[in-house]
Amino acid sequence: MSLPETMRAVVLDAPGPSEALRVRDLPVPTPSPGEVLIRVTASGINRSELHTRLGLAEGVTFPRVLGIETTGVVAACPGGEFEVGARVVAMMGGMGREFDGGYAEYTCVPARQVIGIRTDLAPELVGALPEMLQTAYGSLSVGLDARPGQTLLIRGGTSSVGLAAAVLAKRIGMTVLSTTRDLGRSDLLAAAGVDHPVLDDGAVATRVRELVPDGVDAALELVGTPTLRDTLQAVRVHGVACVSGMLSNVWTIPDFYPIAYIPRGVRMTGYGGDAADLPAEVLQGFLDDLAAGRASIPTGRVFRLDEIAEAHRLMESGHAGGKLVVVP
C-alpha cells in the first residue's frame, strides 16, 4: 500500500476549550514491529477525550492527537500480526493519551489493541461501536454478571454507552429501566428497547421502587459519584451496582464511609476495560447482527475532522442523542 508522507490530524497542544482542537498536517507515523499503522475510516468520539481536553485525564503528554478508538484498514504491519488491507478496529491502551489516537487520517497503535473484523458495514457505523460495545458488554458481563429475567437500572440512559447497554440487556432478556433528565428524549430509550424510562431529577430511587418495589437486581452507574448513592438505594438486597462511567466528570467520593454510604446487603463494583476485554467473537457477532438487521446501535451525528470543535461542543452539552463519530 502506497503511503503519503503527511496526513491531517486533530492536535491538542494543551487543555482548553473545544476551539483548542486544531487540524494540522503531521508526518504519517512509521510503525515498528509489534505496531499496526491503520488508515482511519472513522473514529468514535468519547467523553474520555472530553476529559483529556479539559485537563482531567491522567498520563497525558502534549501535544497530542486525541481519540481512544478507531476503525480502518491496515496500511502497514511490520510484525505480520495483521495483513495489509485487512479491516480492523483499535481501542484503548493509551490511545489518544500516551500516544496519538484516532482523530487523524492515520494512526499507529500496538498490535495488542487491534481486533480484526469482517464486515461491509459503513465505516461510520463500525467506528461508533468498539469502545461503546466494550464498555457496555464488560459492564453487564463482568461488572454485573447480568442474567436473563433480571431487572436492570441504567443511570445515564441516553448516553451512548447507556443506550448500547440497553440494547445488549434486552438481547439477553432483561427488563430495563433507564434514566433521562428529559422525558422528551424517551424515544431514544424506546428505540434501544428500554421498558421503563425514568425521569432523573437527582432522586431516582423512589421512582424505581414504584416500578420494582423490592429494588432492581442490577444497576449500571454511568453518571458517576454524584448520583451513585441514590442509584444504590434503588438496588435490592444482594443486588449489585456497577460504576462504569463519569458523565458528571466527577469520580471520587469525599470522606467515603462504606457502612453509612452503601445500603445494607447491596453490592458495589466497578468496571473499566481494554481491547482484550472485548472478545473478537462478541464484536464480530454484533457486527453480523447489525448487518442482518437483528441489532441496532444508537448513533448520532457524523463530523469531519474540520468540525471536531463543534462535535465536542455537542458532546459536552449532553444532547448528542447517540454516539458521535468523526471521519477523515
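Select domain 1 (6-128 + 298-326) and domain 2 (144-270) as two groups; these bounds come from an automatic or database domain assignment. Their C-alpha centres lie 29 Å apart. Within domain 1, pick R47, H51 and P298, which supply 47% of the area that domain 1 buries against domain 2, more than any other three residues. Buried area here is the accessible area (1.4 Å probe) that two parts lose on being put together, summed over both. Between the two domains that area is about 870 Å², and carbon and sulfur atoms give 61% of it.

The model is predicted: local features need pLDDT of at least 70, side-chain atom pairs count only at pLDDT 80 or more, and totals for chains, interfaces and linings use all residues. Residues are numbered from 1 along each chain as its sequence is written, and side-chain values use heavy atoms, with hydrogens and water left out.

Stay at the interface and show contacts (heavy atoms within 4.5 Å). On the domain 1 side 11 residues take part, and on the domain 2 side nine residues. Three residue pairs, both residues at pLDDT 80 or more, are in polar contact across the two domains. A polar contact is a pair of N or O atoms within 3.5 Å; within protein, one must be able to donate a hydrogen and the other to accept it, and residues adjacent in sequence count only if both atoms are side-chain atoms. The count of salt bridges between the domains is zero, a salt bridge being a side-chain nitrogen of Lys or Arg within 4 Å of a carboxyl oxygen of Asp or Glu.

Next, select T107 in strand β7 (residues 106-110). Helices (H or I, at least four residues) and strands (E, at least two) are DSSP runs, numbered from the N terminus. T107 counts as buried because its relative accessibility is 1%; buried means under 20% relative accessible area, exposed over 50%, partly exposed in between (1.4 Å probe, protein chains only). The T107 side chain reaches the backbone oxygen of D100 at 3.3 Å.

Move to T135, in helix α3. Beyond residues up to four places away in sequence, T135 touches V161, S244 and Y271.

Finish with helix α9 (residues 280-292). Its 13 residues should span 18 Å at 1.5 Å a residue, and the end C-alpha atoms are 18 Å apart, which agrees; the expected span is 1.5 Å times one less than the number of residues. Buried residues in α9 include L283, F286 and L290, and their cover includes β6 (87-91) and α3 (130-143). After α9 comes G293, with a positive phi near 80°.
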